[in-house]
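Me: I am new to this structure and would like to learn how to read it. Could we go through some features one at a time?

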Amino acid sequence: MLTLLRHCGHSSLRPVQTLNIRSYVTQMGKRVAVVLAGCGVYDGSEIHEASAVLVHLSRGGASVNMFAPNMDQMHVVDHLKGEPSEEKRNVLVESARLARGNIQALAKLSVTDHDAIIFPGGFGAAKNLCTWAVQGKDCSVNDEVKAALQAFHGEGKPIGLCCIAPVLAAKLFPGCEVTVGIEKDDKYPDTADTAAAIGQLGCKHVSKAVGESHVDEKNKLVTTAAFMCNAPIHEIFDGIGAMVQDVLKRA
């Protein structure tokens, strides 16, 4: 995975408003922050994962605010060719594509205004939110991302992470439990190496199938493999649904 990660680096925004999401449950809707890392699997947030998170949050009756760091991407990848290009793009501006313009700079995120936080995957989580793409377990985490995660963790509020994003928790919360799929399974080609690095950080990797989530009750972390698995998109969608449901139950 690290090999692929290494190769694969405006007009003003409209006023930000909270998304109006229909409630499918009788309880009061939870307030959830979703943190994006750009737009596109190779250099930003994985679009299908981000969309699945939003659909399941809507179905769960949550109200959502989206955020992204206001910074340059590590690099830009031509998604047709699968190769880096020379242009530069901003993480917040690109994330606004996924958020339909309804997004704020991550620096404005307040833990007191939210009951939970979720990070979709995509290589942007390992390139823009931290430097795992080039440094593996020795990576650094973006200061704003670190502050957000530590704030929610400190308040005992649930944190959802999918695909490669669980490495953020492994880097910041020694001894935590996460999943990035099933080790020693051909359907999860990058899981074994990632799980080994997670273990080297003093954390526990728990093998879970793509349709499942893992809950670390002590740390209020909920993780799922998503596109760490070569699975049909509906299975990815279902696994993210399990993650979102477990987050909302604990919010």
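Reply: Start with burial: a residue is buried under 20% relative accessible area, exposed over 50%, and partly exposed in between. Keep in mind that this is a predicted model. Tyr42, at 27% relative accessibility, therefore counts as partly exposed.

Me: Is Phe123 buried or exposed, and what is its relative accessible area?

Reply: Phe123 has a relative accessible area of 11%, so it is buried.

Me: How many aromatic pairs does a search of the whole structure find?

Reply: The search finds 1 aromatic pair. It is formed by Tyr42 and Phe123, with ring centres 5.9 Å apart and planes at 35°, so the pair is tilted. Planes under 30 degrees apart would count as stacked and those over 60 as edge-to-face.

Me: Which parts does the pair of Tyr42 and Phe123 tie together?

Reply: Tyr42 is in the loop between E1 and helix H2 (47-59), and Phe123 is in the loop between E6 and helix H4 (124-127), so the pair ties together parts 81 residues apart in sequence.

Me: Now the strands. Which way do the residues of strand E6 point?

Reply: In strand E6 (residues 116-119), Ala116 and Ile118 point one way, Ile117 and Phe119 point the other way, and all are buried.

Me: In which sense does E6 pair with strand E1, and in which with strand E7?

Reply: E6 pairs in the parallel sense with strand E1 (residues 31-35), over 3 bridges. There, Ala33 stands opposite Ile117. The pairing of E6 with strand E7 (residues 159-162) is also parallel, over 3 bridges, and here Phe119 has Leu161 as its bridge partner.

Me: How many bridges join E7 to E11?

Reply: There are 4 bridges, and E7 and E11 run parallel. Ile159 has Leu221 in E11 as its bridge partner. Strand E11 (residues 221-224) is covered on both faces, with Leu221 and Thr223 buried on one side and Val222 and Thr224 buried on the other.

Me: How does strand E10 run relative to E11?

Reply: Strand E10 (residues 214-216) and E11 run antiparallel and are joined by 3 bridges. Val215 is partnered with Val222. The hairpin of E10 and E11 has 4 residues between the strands, and in it Lys220 takes a positive phi near 55°.

Me: What is Ile240 in contact with, leaving aside neighbours within four places in sequence?

Reply: The contacts of Ile240 beyond those neighbours are Glu49, Ala52, Val53, His56, Cys162, Thr224 and Ala226.

Me: Where is Leu129 placed, and is it buried or exposed?

Reply: Leu129 is in the loop between H4 and helix H5 (132-135). Its relative accessibility is 1%, so Leu129 counts as buried. Not counting residues up to four places away in sequence, Leu129 touches several residues, among them Leu36, Phe119, Val145 and Leu168. Leu129 and Val145 are 16 residues apart in sequence, with a C-alpha to C-alpha distance of 6.4 Å.

Me: Where is Asp115 found, and what does it touch?

Reply: Asp115 is in the loop between strand E5 (104-105) and E6. At 18% relative accessibility, Asp115 counts as buried because the cut-off is under 20%. Not counting residues up to four places away in sequence, Asp115 touches Lys30, Arg31, Lys157, Pro158 and Ala251.

Terms used. Residues are numbered from 1 along each chain as its sequence is written. This is a predicted model: local features need pLDDT of at least 70, side-chain atom pairs count only at pLDDT 80 or more; totals for chains, interfaces and linings use all residues. Side-chain values use heavy atoms; hydrogens and water are left out. Contact means heavy atoms within 4.5 Å. Buried means under 20% relative accessible area, exposed over 50%, partly exposed in between (1.4 Å probe, protein chains only). Helices (H or I, at least four residues) and strands (E, at least two) are DSSP runs, numbered from the N terminus. Two strands pair if DSSP finds at least two bridges between them. Rings of Phe, Tyr and Trp (its six-membered ring) pair if their centres lie within 6.5 Å; planes under 30 degrees apart count as stacked, over 60 as edge-to-face and the rest as tilted.
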